[in-house]
Structure formats: structure tokens, C-alpha cells
Amino acid sequence: MRVAIVTPWFPTTHNMSSGAFVLKDAQAIARAGADVVVIHLVRPSLDDGSRRLRIDGVRTVRIVMDPRNPLSILRARARLMPLLRQADIVHTQAISALEPFVGAHLNAPWVHTEHWSAITSPHTLHKPVQRALPYLLRMERMPDVVVAVCDFLAQPLRQIRGDRPVEIIPCQVPSPPQLAPRRKNRRDLRLISTGALVERKDPVVALHTIAELRNRGVDCSLVWLGDGPLRNQCIELAASLGVDATFPGTVDAATVQREIARADMFFGPTRADNFFVAAAESIVNGRPLVVGATGGQGEYIDPAVGALVDQQDPSLYADAIIDLDKRTRTMDARTIAATVQNQFEPHAVADAYIDLYQRLLTRPEC
């Protein structure tokens, strides 16, 4: 089975972390037996000049495309379509990958995976983009099947697509080779968070929550892994509040694993997410979690190991953290990780995609 994955998000030397989830899907689908090529519609600002290469074993072709420039989209389309002629399945990922396909005809079945948080949280967009959103979302009607990473995202996609199918296949969140045991007989509470330092993730509320916990006599600290426009503001706010919070910036996967292993609990006061990979990552690593309630994370968080807070209120988050810490303090890492079983493992996600591809290829019209 020849699968062509078309995406605007994929690693380049200018941004090695871009599209890491697409890379993981491509690798897993290839390991499941498909012949995979990734066609990367790279933005001019991220173009490193390479055109045909292998990225972590995945055959990759780059085509420069500015999704805001109609002429650039048309030029990309002219280069893209010949590359798809031999594909058995065309699999687009992310909404801007749809732009070159407007008005096009494909001979192969077409799967599209959508991740865009603005579909479920349009208020996070700038006003001009909010006005354009209904026109952009019309493109979601074009593929044969759209895949959402959770039901929270699938619901608005079903409204857009009407009777056209929308399926759910989660993000990959592989388990660590070995679970790190949780600390015993501790007197402090180490909180970990990972993600961009942006308003939607609300690190400001996180810091005020740490201050609230401190005021209640809880000896706690926060490590937030990730970067973004709020980083300097957060560093300054932590100093002014006198809380123990560090912001090391973006780190590699090994460091993320090491910091999760050191932590007692994940804390992510997100205002809105779709799947919330970092939350799932904390569970598969055997750590309880307190997170914001808006998003798909409630679909997989067992109340025995996690708490959802539906208001951006530091006092409520502090209540949830104290309560969850009491309830899970003696729970071992294996018990926590077992609440999601193996549903996010790479082989499970790849098998779900292979099954979808095969169903499309055996349709009568194929």
C-alpha cells in the first residue's frame, strides 16, 4: 500500500520540532507495512533548501508553499499533483494542507487528519481570522474521511461535514521503556507542565495557583518545559510572587521524560485543547494530573487519577491539586498508567489508520 502524507508541519533544520506528531504517525504507518512518502508543504520561512531527503527514516519531498499566498498555493499544487499519481491513499494532515486540493480531482481515496484547536476554540484566533474561519472550514468537507484526534474535535467537524464520515484516531503517546517509581514519604509537591508558554495554556494562572498553594502551607514547586511569548513575563511573575517555578525552555524528549520522572503530578491549566498530548503523556508515565476541563482530555482521564477544573481560578486549581494529591499519594505509577491501557501506543494508532485505509480501498467505487 502506497501512502502519500501531505502536510505543512514537518521537521526542518530551521525548526526540528515542527510536526513531530506527523513524523511519528508516518513512522508508525511505515512500520505497519505501508510504503510511505511525506510531501512537506514547507513555509518559506522554514525552508532549509532541501527537496528530497529522509527524515528519521521517512522518505520526504519538500514543496515550498505559503498558505497565505494564492499564487504560492497554485505553484505548490502544480508540483504536488504529479507526486500523488502513484499513491493508493492520499493522507493530508492539518487544515492548510487542504488548500492545494480545492477544485482538484484525486483518483485515490483521501483521508484527512485534523488537529487545529481553533475549530473548537475560535475565540483564540485574531479577529480577521475569525471572520475567515467559516470559509476555511468549508475545505473540511472535501476529503473522503476526516479523522479527529478526539470526540471534542469530532463534534464540530461532523456539523461541518454533514453525512460525510468523521472518525476518531487518537494521537500517539508512547509509554516509556520503564516506568519511574513515584516518590514515597515526601514532604513537598513537585509539579510538572509541558507546552507552549501562550495564553491558551495559561501559565499565569499556573503561577498564581502555586502562590495560592504556598499561602495554604503547601511546599510546592513547578517546572514548565516549553517556550513562547509569555516566557519572560512568567519568569518575572514567578520572581514577584516569590514562588519556586522554573522555565527551562524547549528541551529534548529525553529531558521531558527525566523531568516527568522527577515530578509528583502534572499540572496543565489549559483554557482549551483538543487532545492535550502532554496530559496523556503524564498518565502513560504514571503521574496523576490536574488540568483545565475544556478539551478532549476528559475523554481519557480516569477521575481516580486526574481532576478537571472548569474555571480559570487559582483557588479552584489549588483545591483540586490538594485533593488529588491526598487521593493518589499511595498510588503506584503502574496503576496510574494502566488507566489508559495501550490505546495511545504507536502500533495501536498505526493499526487504526491501516484499517481505515483498507476499508476505503475496498469500497465498491474503488
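Ser 193 is buried, with a relative accessible area of 1%, where buried means under 20% relative accessible area, exposed over 50% and partly exposed in between, for a 1.4 Å probe and protein chains only. The model is a predicted one, in which local features need pLDDT of at least 70 and side-chain atom pairs count only at pLDDT 80 or more, while totals for chains, interfaces and linings use all residues. Residues are numbered from 1 along each chain as its sequence is written, and side-chain values use heavy atoms, with hydrogens and water left out.

Ser 193 belongs to strand β9 (residues 189-194); strands (E, at least two residues) and helices (H or I, at least four) are DSSP runs numbered from the N terminus. Not counting residues up to four places away in sequence, Ser 193 touches Leu 222, Val 223, Trp 224, Leu 225, Phe 266, Phe 267 and Gly 268, contact meaning heavy atoms within 4.5 Å.

Gln 297, in the loop between β13 (289-292) and β14 (306-309), also counts as buried, at 0% relative accessibility. Leaving aside neighbours within four places in sequence, its contacts include Thr 270, Asp 273, Phe 276 and Leu 308. Gln 297 and Phe 152 are 145 residues apart in sequence, yet 8.8 Å apart in space, C-alpha to C-alpha.

Turning to the helices, the axes of α5 (residues 203-215) and α9 (residues 314-328) come within 8 Å and cross at roughly 60 degrees; axes are lines fitted to C-alpha atoms, for helices over the stretch in contact, and angles run from 0 to 180 degrees between N-to-C directions. Among the residues that meet are Val 205 and Leu 213 in α5, and Tyr 317 and Ile 321 in α9.
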